[in-house]
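Please keep the viewer open while you read.

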Amino acid sequence: MIEFCNVKKVYPGGNVALHDVNLKIEKGEFCFVLGHSGAGKSTFLKLILREEAATEGKIQVGDYDLSKIKNRDIPFLRRQLGVVFQDFRLIPTMTAYDNVAFAMRATNVQEREIRRRVPYVLGLVGLSEKARRYPPELSGGEQQRVALARALVNSPPIIIADEPTGNIDPELSVEIMELLTAINKVGVTVVVVTHEHELAARFHKRTILIEKGQVVADQPDGVPVVTPSEVEVMR
């Protein structure tokens with residue numbers, strides 16, 4: 001579903017953000033991508049979304065080879081990806097309903113289908129009664145659930161959550177992760193990019209650790225991540 005082969009990303013000025021990255025995320029998998037600020041997580045996301053192009057190597061997302069993709073096809077690539085951002089990116093002058101509907105209207109879905117689909121997805125995230133509320137009237141956790149509903153509404157095969165719990169309290173963080181787990185159980189590929197090691201450990205999923213632009217650990221479900229630096233300490 002997502003594959004990086006010998007990927008390197010160098011920004012103007014010579015800053016190497018990613019180097020020799022090789023990984024494969026299978027269809028229907030749930031994985032965490034962990035790393036501290038500056039580790040390369042943001043670049044990893046930008047490459048998947050084709051906001052940036054790799055300097056070297058190959059990236060495959062679904063049927064798209066991102067080293068060969070034409071600019072006109074990038075919007076179609078992004079329709080395969082439901083993205084949940086840390087800062088929610090909701091439109092404050094639109095209700096929760098219209099924020100979710102906006103994602104469908106942007107792809108020219110008929111209004112009749114929007115009226116059917118949006119209430120259903122808002123119900124999935126527990127916001128049926130808040131559909132007509134505006135973002136400033138919602139709590140941080142509720143805004144994050146609106147953002148998740150927006151990511152889900154077009155039924156993408158891949159959900160990418162970028163620090164989805166960064167602006168909400170720990171109890172709500174668990175709630176959001178449980179929603180993502182439930183989404184994964186129906187076959188959606190889920191990738192959570194975060195710096196929160198404790199949260200990842202709690203949910204016992206595959207964990208990929210990035211440090212200084214390289215994958216330094218890749219552990220299967222339920223296996224604690226041990227970094228190279230920790231190995232040295234234990235020695």
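1. A word on the model. What you are looking at is a predicted model. Residue numbers start from 1 along each chain, so you can follow the positions below directly in the sequence.

2. Strands pair through backbone hydrogen bonds, in either a parallel or an antiparallel sense. Here, β1 and β4 are antiparallel and share five bridges; one place to look is I2, whose bridge partner in β4 is V61. Strand β4 (residues 56-61) also pairs with β5, again in the antiparallel sense, over two bridges. On that side, Q60 has D65 of β5 as its bridge partner. The hairpin of β4 and β5 has two residues between the strands, and G62 takes a positive phi near 60 degrees there.

3. Is K9 buried or exposed? With a relative accessibility of 7%, K9 counts as buried, because the limit for that label is under 20%. K9 itself lies in strand β1. Leaving out residues up to four places away in sequence, K9 touches N15, V16, A17, L18, T43, L47, E52, A53, A54 and T55.

4. The six-stranded sheet. The other sheet to look for is also open, with the strand order β6-β7-β8-β3-β9-β10 and mixed pairing. Its edge strands are β6 (81-84) and β10 (214-219), each pairing on one side only. From one strand to the next, the twist averages 20 degrees. Helix α5 packs on this sheet and touches β6 and β7 (158-162), with a direction that makes about 170 degrees with that of β6.

5. The β9 and β10 pair. Strand β9 (residues 206-211) runs antiparallel to β10, and five bridges join them. To see the pairing residue by residue, find I210, which stands opposite V215 in β10.

6. T194, at the end of a strand. T194 belongs to strand β8, which covers residues 189-194. It counts as buried, because its relative accessibility is 1%. The side chains of T194 and E163 are joined by a polar contact of 3.3 Å. Setting aside neighbours within four places in sequence, the residues in contact with T194 are F32, V33, L34, G35, K41 and E163.

7. Helices α3 and α4. How do these two helices pack? Helix α3 (residues 96-105) and helix α4 (residues 111-124) meet at an angle of about 130 degrees, and their axes are 10 Å apart. They are therefore oblique to each other, and their crossing is right-handed. From α3, the contact is made by Y97, V100, A101, M104 and R105. From α4, it is made by E111, E113, I114, R115, R117, V118, P119 and L122.

8. How covered is α3? Seven of the ten residues of α3 are buried, which leaves this helix mostly covered. The buried residues are A96, Y97, N99, V100, A101, A103 and M104. Among what covers them are α4 and α5 (140-152).

9. E113, on helix α4. To finish, look at E113, which lies in helix α4. E113 counts as partly exposed, because its relative accessible area is 30%. Its side chain makes a polar contact of 2.6 Å with the side chain of R116. For a sense of distance, E113 and R50 are 63 residues apart in sequence, and their C-alpha atoms are 29 Å apart in space.

Terms used
Predicted model: local features only at pLDDT ≥ 70, side-chain atom pairs only at ≥ 80, totals over all residues. Heavy atoms only, no water. Helix = DSSP H or I, 4+ residues; strand = E, 2+ residues; numbered from the N terminus. Buried < 20%, exposed > 50% of the residue type's maximum accessible area, 1.4 Å probe, protein only. Polar contact = N/O pair within 3.5 Å; in protein donor to acceptor, adjacent residues only side chain to side chain. Contact = heavy atoms within 4.5 Å. Pairing = 2+ DSSP bridges. Axes fitted to C-alpha atoms, helices over the stretch in contact; angles between N-to-C directions. Parallel < 35°, antiparallel > 145°, perpendicular 65-115°, else oblique. Left-handed = near helix turned anticlockwise from the far one by under 90°.
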